[in-house]
Amino acid sequence: MDEDVAIIGVGQSVFARKCGVSVRELCFQAYKEAMEGLDITRDDIDASITCSAPEYDKQRTPSGLISEYLELTPKPAFYVESVCSSSSTGVRIAWSLIRSGLHKVIAVIGFQKMSELTSREAAERMGRGGDIIWESPFGVTMPAGYAMYARAHMAKYGTTEEQLARVRVKNSSYGARNPKANYRKELSLDDVMNSNVITSPLKMFDCCANCDGSSTVIVARGDIAKRVSKTPIWVVGLGAATDTMTMSGRKSLTGLECSQEAGKQAYEMAGLKPEDIDVAEVHDCFTVSEILAYEDLGFAKPGEGPGLIDDKETYVDGRIPVNVDGGLLSKGHPIGATGGSQIRTIVRQLRGEATEAQVKGAEVGLVHNVGGVGQYGNVTILRR
Amino acid sequence: MGFENFGTVSFTAEAKVSDFVTYLEQGKVMTTRCKNCGAKYFPPQMDCPRCLGTEAEWFELKEKGKLITYTTVQYGPSGFEDDAPYTLVIVDFADGLRTFGRLSRDIKESDIIIGMELKAAPVKQANDRISYEFQKA
């Protein structure tokens with residue numbers, strides 16, 4: 001049996017504030033893109049994994065519904081959740097199921113239809129993403145959690161609000177070219193700096209927006225991948241880790257330990273170092289999150305992340321291009337779909353198909369996807 | 001009494017550590033130490049995953065703590081609309097005991113300095129609700 005595991009198909013829907021279709025129709029959009037051009041049909045898919053954050057779903061147990069709509073029944077359907085990193089967790093589970101010999105080809109389908117809730121309702125659910133006895137009664141939110149990391153980073157390293165804003169300026173320049181991004185305007189430093197404060201020091205344009213969207217990643221056993229795909233993209237490194245749910249449990253407030261640990265595992269499995277990565281997608285739910293990721297993944301030393309954006313090293317022609325599809329900040333963040341969308345971007349980069357912003361000759365890419373305020377960390381390394 | 005009146009909005013009531021709220025009523029912010037192995041916890045917990053003990057003793061957070069980080073929330077989630085702006089803080093006490101909560105409204109955002117000394121104190125809120133906050137030490 002071929003022990004290698006590859007990604008053979010990727011797709012995502014347009015990410016939008018309101019998709020105007022049902023969840024099953026939304027999922028079909030990503031699934032269609034992932035399956036088109038592949039020499040397999042739904043009969044070859046022998047399991048599906050659906051990924052979403054269930055508190056945002058009206059539909060209970062959506063994995064069965066998606067499996068039915070795609071006519072994948074009677075193949076087994078699984079459901080995984082790790083909030084914002086659900087579909088990266090889905091790909092990790094798919095890899096394991098294939099390596100175990102239980103399955104050969106698995107569809108990992110991530111989605112979220114945030115527009116089924118009002119933004120206040122969404123904020124209330126996000127607040128309950130924290131510890132409901134000890135932290136939610138104080139009115140903690142996702143942005144507030146990351147804002148506390150931003151403030152601690154500023155206090156320790158002298159990081160400035162302008163440096164955070166520069167992340168949004170970069171990502172908006174790429175988001176403007178991404179036809180599947182929700183936010184497609186280019187923003188200037190002044191635009192970001194003059195936007196309303198949401199939770200100090202984070203302003204409106206330091207934050208990504210909730211939206212509707214879906215993603216699909218088709219994962220296959222190596223021998224099948226070689227047969228059905230011209231350019232299989234190999235999964236060479238996987239890392240997953242957790243940190244405490246409570247903010248008071250965090251040992252560090254200037255870096256995400258779940259990212260550091262997941263990154264270490266993925267580099268070790270792949271036999272690679274940070275300098276071997278040609279292109280990366282990192283979890284920029286907020287501008288500060290991207291700065292933390294530079295450091296947590298070893299693209300910069302602790303405290304030197306802001307220098308990377310100052311020197312434009314994370315632009316498409318820089319030393320380590322990051323989020324050259326616009327990132328979550330421009331694309332929007334449909335919780336369960338986000339990881340799959342990040343994987344799609346890296347797969348397209350490694351296939352040389354990212355015409356909007358192609359990193360020349362990219363052979364190795366990294367995907368960093370975080371759930372909650374640094375609670376669940378997933379790092380996936382892919383190779384052409 | 002459990003956690004039903006704790007904080008601005010409570011989401012659940014029952015817990016083995018509900019004495020925390022009783023102590024707040026008595027004017028004390030308390031947390032726990034495992035009776036078996038001595039491990040200190042915040043938030044308080046009766047169960048100790050380190051030694052599998054299920055009994056803890058309460059001790060008061062009465063010394064001064066140090067402000068580690070903060071944020072002032074301008075837009076609260078559902079149930080907190082009228083509460084914002086409010087400031088959330090992380091405060092460290094002796095032996096690396098790290099805590100989370102709200103900063104007293106008596107301290108203006110412009111007067112907040114990372115590293116400043118703070119103390120934990122119970123605070124009564126509207127509608128018979130009770131909480132704790134961090135005040136100038």
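This is a short tour of the predicted model, stop by stop, with something to select at each one.

**Before you start**

Residues count from 1 along each chain as its sequence is written, while chains are lettered from A and ligands numbered from 1 in the order in which they are written. Because this is a predicted model, local features need pLDDT of at least 70 and side-chain atom pairs count only at pLDDT 80 or more, whereas totals for chains, interfaces and linings use all residues.

**Stop 1: chain A as a whole**

Select chain A and zoom out. Its C-alpha atoms fill a box of roughly 55 × 45 × 35 Å along the principal axes.

In cartoon view, look for 13 helices and eleven strands. Both are DSSP runs numbered from the N terminus: helices are H or I with at least four residues, strands are E with at least two.

Buried residues make up 61% of chain A. A residue is buried if 20 or more other C-beta atoms lie within 10 Å of its own, exposed if 12 or fewer, and partly exposed in between, with C-beta atoms placed from the backbone. Of the contacts in chain A with a separation of 6 or more, 78% come from residues 24 or more positions apart. A contact here means two C-beta atoms, placed from the backbone, within 7 Å.

**Stop 2: a covered strand**

Next, select residues 47-51 of chain A, which form strand β2. Five of its five residues are buried. Show the side chains: Ala47(A), Ile49(A) and Cys51(A) point one way, and Ser48(A) and Thr50(A) point the other way.

β2(A) runs parallel to β4 (residues 105-113) of chain A, joined by five bridges; here Ile49(A) has Val108(A) as its bridge partner. β2(A) also runs parallel to β3 (residues 77-80) of chain A, with four bridges, and there Ser48(A) is partnered by Ala77(A).

In the loop between α2 and β3 of chain A, stop at Glu71(A). Its phi is near 55°, positive in a residue other than glycine. Glu71(A) counts as exposed, with 11 C-beta neighbours inside 10 Å.

**Stop 3: an enclosed helix**

Select residues 338-351 of chain A, helix α13. From first C-alpha to last it reaches 20 Å, close to the 20 Å expected (1.5 Å times one less than the number of residues). Twelve of its 14 residues are buried, so α13(A) is largely enclosed by the rest of the structure. Among the buried ones are Gln342(A), Arg344(A) and Leu350(A). Just after the helix, Gly352(A) has a positive phi of about 75°.

**Stop 4: where chain A touches chain B**

Show both chains. The contact takes 31 residues from chain A and 35 residues from chain B. On chain A, α4 (119-127), α5 (142-157) and β5 (197-199) each supply at least two residues. Colour that side by class, and you will find 17 nonpolar, eight polar and six charged residues. Ala, Val, Leu, Ile, Met, Phe, Trp, Tyr, Cys and Pro count as nonpolar, Asp, Glu, Lys and Arg as charged, and the others, Gly among them, as polar.

While β5 is on screen, step to the loop between β5 and β6 (202-203) of chain A, where Pro201(A) lies. A cis peptide bond joins Ser200(A) to Pro201(A), with omega about 0°.

**Stop 5: a sheet in chain B**

Move to chain B for an open sheet of three strands, ordered β2-β1-β3 with antiparallel pairing. Its edge strands are β2 (40-41) and β3 (56-60), each pairing on one side only. β1 (residues 30-34) and β3(B) share five bridges, and Thr32(B) stands opposite Trp58(B).

Finish in the loop between β2 and β3 of chain B, at Pro43(B). Phe42(B) and Pro43(B) are joined by a cis peptide bond with omega about -5°.

Conventions
Two strands pair if DSSP finds at least two bridges between them.
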